[in-house]
Amino acid sequence: MTAKPVVLLAEELSPATVEALGPDFEIRSCDGANRDELLPAIADVDAILVRSATQVDAEAIAAAKKLKVIARAGVGLDNVDIKAATKAGVMVVNAPTSNVISAAELTVGHILGLARNIAAADASMKAGQWKRSAFSGVELFEKTIGIIGLGRIGGLVAERLKAFGTEIIAYDPFVTSARAAALGAELVELDELVERSDFITIHMPRTPETLGMINAESFKKMKKTAYVVNVARGGLIDEADLDAALRSGEIAGAAIDVYVKEPAKNVPFVELPNVVATPHLGASTFEAQEKAGISVAKSVRLALEGDLVPDAVNVAGGAIDKDVRPGVPLAEKVGRILTAIGGDEALTRVEVKIAGEIASKDVTSLKLSALKGVFTDVVSDKVSYVNAPVLAEQRGVEVELVTTTETDYFRNETVLTGALANGEVVSVAGTVTGPKLIEKLTNVNGFDVEIPITDHMLVLEYVDRPGVIAAIGTLLGTASINIAGMQVSRNDKNAEALCVLALDSALSLEVLESIKRVVNASRAAVINLAD
């Protein structure tokens, strides 16, 4: 008889998780937090299930000679070395949607707690006091709720708070007005949201652009009676500026669940009476933990049975044809580039066209990977193959997969075309070439190019004329940014031209604006694929 695949439970998981695995696996257990116990236990297992206490780092992965799957029963993957896993050919899966309801409900709970001073009143009672008049609150009825980031969690918050008779306004440059209207929300600019809202809750990804997006300038524009809530990512609200605004009375209060450094210690505003602070409880419900365990158990089953795992966070493993597999990471990068080219405009439609020999095979994974790339840099949720189509549906983005065996120049090509909310159409194409599987950009908005895709790139469209390339080089040189590669394409002489540059380092928005101004670019997009 063939031995059953071995699944190691490195932390305590619910009976439902084990039940979801089924009878086809040998189940073992260990204390994953104990390295002396983990390393020998992982040596001959096919899969390991963890929560947050077990560090599945390069050392542990190297010790696991048969490991095929690392499953994190939760959203975060800080305790898993994804790069080491990918290099070793080990699939990493998590449960990206398991905590969305819990996070949304915690947000609503914090808003209600702030409105009625629940935490402060409770502390007063437990101190033996009766200060009824000191804890007068406000009703949510007819108050304006500002939601920054109208993705999965932000949308759930909007639906729940609408029932309180509130006015919902939202800022999200990647959500269409139609999607916002379906949630009962009015899309506004960030400054307007900050000025009008009685309660502001933020649900954005943590990126260089969103870090500190609510800051001293924002607090000055808020009502003195306004409250802010953050259960999304630490650092979206500048902690020092928040502390100053609370102490000066610029805003009425705050509820914070996430911090720049965790575990959070000696955070000044936590001690203030008008602050409700919780220790990152967004996913800390029985239901969220149960969903997470069951979700990853099902993923482990799929992976060990050789099927495509929709919520894999890396590209190793799964039932993907060997000829299709090199196109999976390419499709994701092309999706991210499409989003960057589109700028701040929301997508309403995405066509994923797979051309060439692989079009005769199952290329569903390329569609999913492309969608993952499209949404990776614009939503707060962890984007995976399983939730990318859901994100598209939620945002009213129509998605179509087109296949053809005919190509003009390349053996295989992935072409993404996006319709934007303003009526504009953008497109990006890429291919994988040669024995080294080099990923190349082959077309942008109808301009033919052939340049390797790198971590840092700059795309410019402008009217072709002498001196433009020299000006770009001078500005990048002044900013100490080296050009690793460059290609210029144009359709007609003295007409629009497209310049694609591969850079050795990231380009700041300040330098981008300088380049855009000097060359009078009709389009300027920075592409950062480093993370």
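Me: I'm new to this structure. Is Arg 247 buried, partly exposed or exposed?

Reply: Welcome! This is a predicted model, and in it Arg 247 counts as partly exposed, at 44% relative accessibility.

Me: Which residue forms a salt bridge with Arg 247?

Reply: Let's take the general idea before the case. Side chains of opposite charge can pair when their charged atoms come close. Here, the partner of Arg 247 is Glu 271, with the closest N and O atoms 3.1 Å apart. Arg 247 sits in helix H11 (residues 239–248), while Glu 271 belongs to the loop between strand E11 (253–256) and strand E12 (275–277), and the two are 24 residues apart. Glu 271 counts as exposed because its relative accessibility is 62% and the cut-off for exposed is over 50%.

Me: How many salt bridges does a search of the whole structure find?

Reply: The search finds 30. One of them joins Lys 68 and Asp 46, whose closest N and O atoms are 2.7 Å apart. This pair also links distant parts of the chain, 22 residues apart. Lys 68 lies in the loop between helix H3 (58–63) and strand E4 (69–72), and Asp 46 in the loop between helix H2 (35–41) and strand E3 (47–50).

Me: Is Asp 46 buried or exposed?

Reply: Asp 46 is buried, at 6% relative accessibility, whereas Lys 68 is partly exposed at 41%.

Me: Which residues are linked in a network of salt bridges?

Reply: Have a look at Glu 167, Glu 186, Glu 192 and Arg 196, which are linked in such a network. Within it, the side chains of Glu 186 and Arg 196 meet at 3.4 Å, N to O.

Key. Residues numbered from 1 in each chain as written. Predicted model: local features only at pLDDT ≥ 70, side-chain atom pairs only at ≥ 80, totals over all residues. Heavy atoms only, no water. Salt bridge = Lys/Arg side-chain N within 4 Å of Asp/Glu carboxyl O. Helix = DSSP H or I, 4+ residues; strand = E, 2+ residues; numbered from the N terminus. Buried < 20%, exposed > 50% of the residue type's maximum accessible area, 1.4 Å probe, protein only.
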